[in-house]
Amino acid sequence: MEFNKPRGTRDFLFDEMRHRNEVASSLRNVFENYGYQEIKTPLFEELKLFTTKSGEEIIDQLYNFTDKSNRELALRPEITAPVARLYLNELQKSSSKPIKLYYYGSCFRYERPQKGRFRQFWQFGCELIGAKSPEGEAEVIAMCNDSLDKIGITGADININHLGIIRGLFKHFNIDAATQREVMVVIDKGDKELLEESLIGENPLIDSEELNQVLIKLIDLVGDKSILKDIEELIKEYEEPKDSFEELKQLVETLNSFGVNNYTINLGVARGLDYYTGIVFEVYIPELGAQKQVCGGGTYSLIKVFGGEEIESTGFAFGFDRLMNAIEELTDQKELGSHIDVYIAPINEEVRPKAFEIAQLLRRNGIACDVDLNRKKFKKLMNHANNLKVEKVIIVGPKDLEENNVTLKDMNSGEQDIISIDSIVNTLKEEE
RNA sequence: GCCGGGGUAGGGUAGGCGGUCAUCCUACGGGACUGUGGAUCCUGUGACUCGGGUUCAAAUCUCGGCCCCGGCCCCA
């Protein structure tokens with residue numbers, strides 16, 4: 001009988017896990033450097049947590065099930081909603097604001113797998129709860145930027161938008177909610193021709209010629225902070241978008257103070273969801289093709305959606321697997337050395353107990369080592385050590401042992417020294 | 001959900017107009033070689049994705065499932 005892993009899942013072997021752990025650890029360093037603390041939430045939650053956030057339709061893309069007590073549950077498809085729940089359950093009344101937390105864990109979506117998209121995938125993200133925009137937003141974006149830097153990704157595009165600007169325009173022109181959503185969906189696709197077709201083609205979604213023209217010009221404005229004045233010019237006639245525009249302007253100024261300059265202002269970033277209230281941002285890595293988005297986030301009022309007190313939250317999440325793809329695509333992977341420092345090879349049966357003693361001596365002193373567990377012939381042990389790419393081998397043989405010595409062999413140069421057992425630890429540590 | 005390309009030992013492959021024992025490389029085990037690895041030689045284990053159909057005969061042709069790869073839709 002043969003077993004296969006479920007569709008859309010992966011096994012990770014030694015080297016890949018080492019790479020992934022290395023990247024995760026870099027991200028942890030950056031996040032903790034910004035004062036964030038790690039949390040963990042359950043892999044499954046009540047189904048309604050996710051349907052409340054995103055609507056009943058997402059059940060199609062959830063792994064949901066009924067447990068033996070008839071509870072409606074679902075594997076988490078993302079971690080923002082669980083974090084909001086955790087905040088309401090545990091932190092709302094007890095923690096002084098702002099709260100900075102981060103998470104790293106896997107999520108599950110029932111979707112068609114393809115490049116950079118799996119049914120089990122990992123998200124590494126953060127939430128800043130209860131900080132005043134735009135400084136909170138600026139710091140979050142700065143941390144995102146530093147994270148990419150730290151893991152060696154250059155050339156990523158950070159795209160920033162403030163949804164309030166377009167929403168303000170909608171309000172000014174009295175556009176109903178359904179139409180707004182339709183237009184946002186088209187905007188989110190980032191297809192300029194499609195947008196023009198939808199707005200000024202045969203059957204315009206919006207019946208205001210004036211708004212259509214403004215929208216098309218706005219979406220076309222993509223660039224650095226110099227485009228702010230063009231945006232201002234376009235919307236100067238209207239009262240409703242002004243506050244949001246001011247916030248965007250302040251964000252840009254604050255980003256400057258945080259030392260972040262390599263971003264793009266792009267009013268085409270929509271992120272669809274109704275609960276986003278302020279800025280939104282996405283990070284793209286063009287080399288990744290169809291699944292180029294590696295990060296998404298923004299400011300939202302999800303907690304209010306869940307029945308908590310109104311509070312400003314800003315967060316983002318990296319698609320961890322896509323980051324790994326990007327690293328593979330954009331950087332030279334450095335060769336991984338052996339996973340152990342030393343291999344201990346006993347020459348015959350009699351000295352094997354001594355080899356175990358030496359192994360434990362090294363391990364207790366923080367030196368990672370392996371020792372023969374298979375009673376193999378000495379020659380095979382050397383072969384094995386070579387396959388492990390280990391740099392040093394300690395040869396334990398009766399002749400040396402008479403003087404309480406062992407032979408330390410350097411596998412790269414082939415040189416070997418006879419050293420006393422008492423000096424092994426120090427000798428190995430010096431050579432680190 | 002839709003479109004295209006695929007699936008042969010652990011990994012990588014040849015074969016593919018149906019017809020000897022299914023090829024080679026690598027990895028793995030043992031040996032040549034009883035205190036010294038990477039080389040060489042010998043040797044062993046190990047595969048046609050699954051199911052139905054056509055046929056005297058299917059890895060090969062055909063239909064369907066499963067899975068993988070790329071794209072569309074979607075993407076909280």
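Two strands (DSSP runs of E, at least two residues, numbered from the N terminus) pair if DSSP finds at least two bridges between them.

This is a predicted model, in which local features need pLDDT of at least 70 and side-chain atom pairs count only at pLDDT 80 or more, while totals for chains, interfaces and linings use all residues. Residues are numbered from 1 along each chain as written, chains are lettered from A and ligands numbered from 1 in the order written, and side-chain values use heavy atoms, without hydrogens or water.

**View 1. Welcome to an open sheet of 9 strands.** Follow the order S1-S5-S6-S12-S11-S10-S7-S9-S8, where the pairing is mixed. At the edges lie S1 (37-38) and S8 (222-223), each pairing on one side only.

**View 2. S6 sits between S5 and S12 in the sheet order.** S5 (residues 99-108) runs antiparallel to S6, joined by 10 bridges; here Tyr103 has Gly125 of S6 as its bridge partner. S12 (residues 313-319) is also antiparallel to S6, with 7 bridges, and Gln123 meets Gly319 of S12.

**View 3. Both faces of S6 are covered.** All 10 of the 10 residues in S6 (residues 120-129) are buried (under 20% relative accessible area, 1.4 Å probe, protein chains only). One side holds Gln120, Trp122, Phe124, Cys126 and Leu128; the other holds Phe121, Gln123, Gly125, Glu127 and Ile129.

**View 4. S7 and S9 run parallel.** Look for 3 bridges between S7 (residues 157-162) and S9 (residues 263-266). Ile158 has Tyr263 of S9 as its bridge partner.

**View 5. Glu287 lies in a loop.** This loop connects S10 (276-284) with S11 (293-300). Glu287 counts as partly exposed because its relative accessibility is 45%, between the limits of 20% and 50%.

Note on methods. Helices (H or I, at least four residues) and strands (E, at least two) are DSSP runs, numbered from the N terminus.
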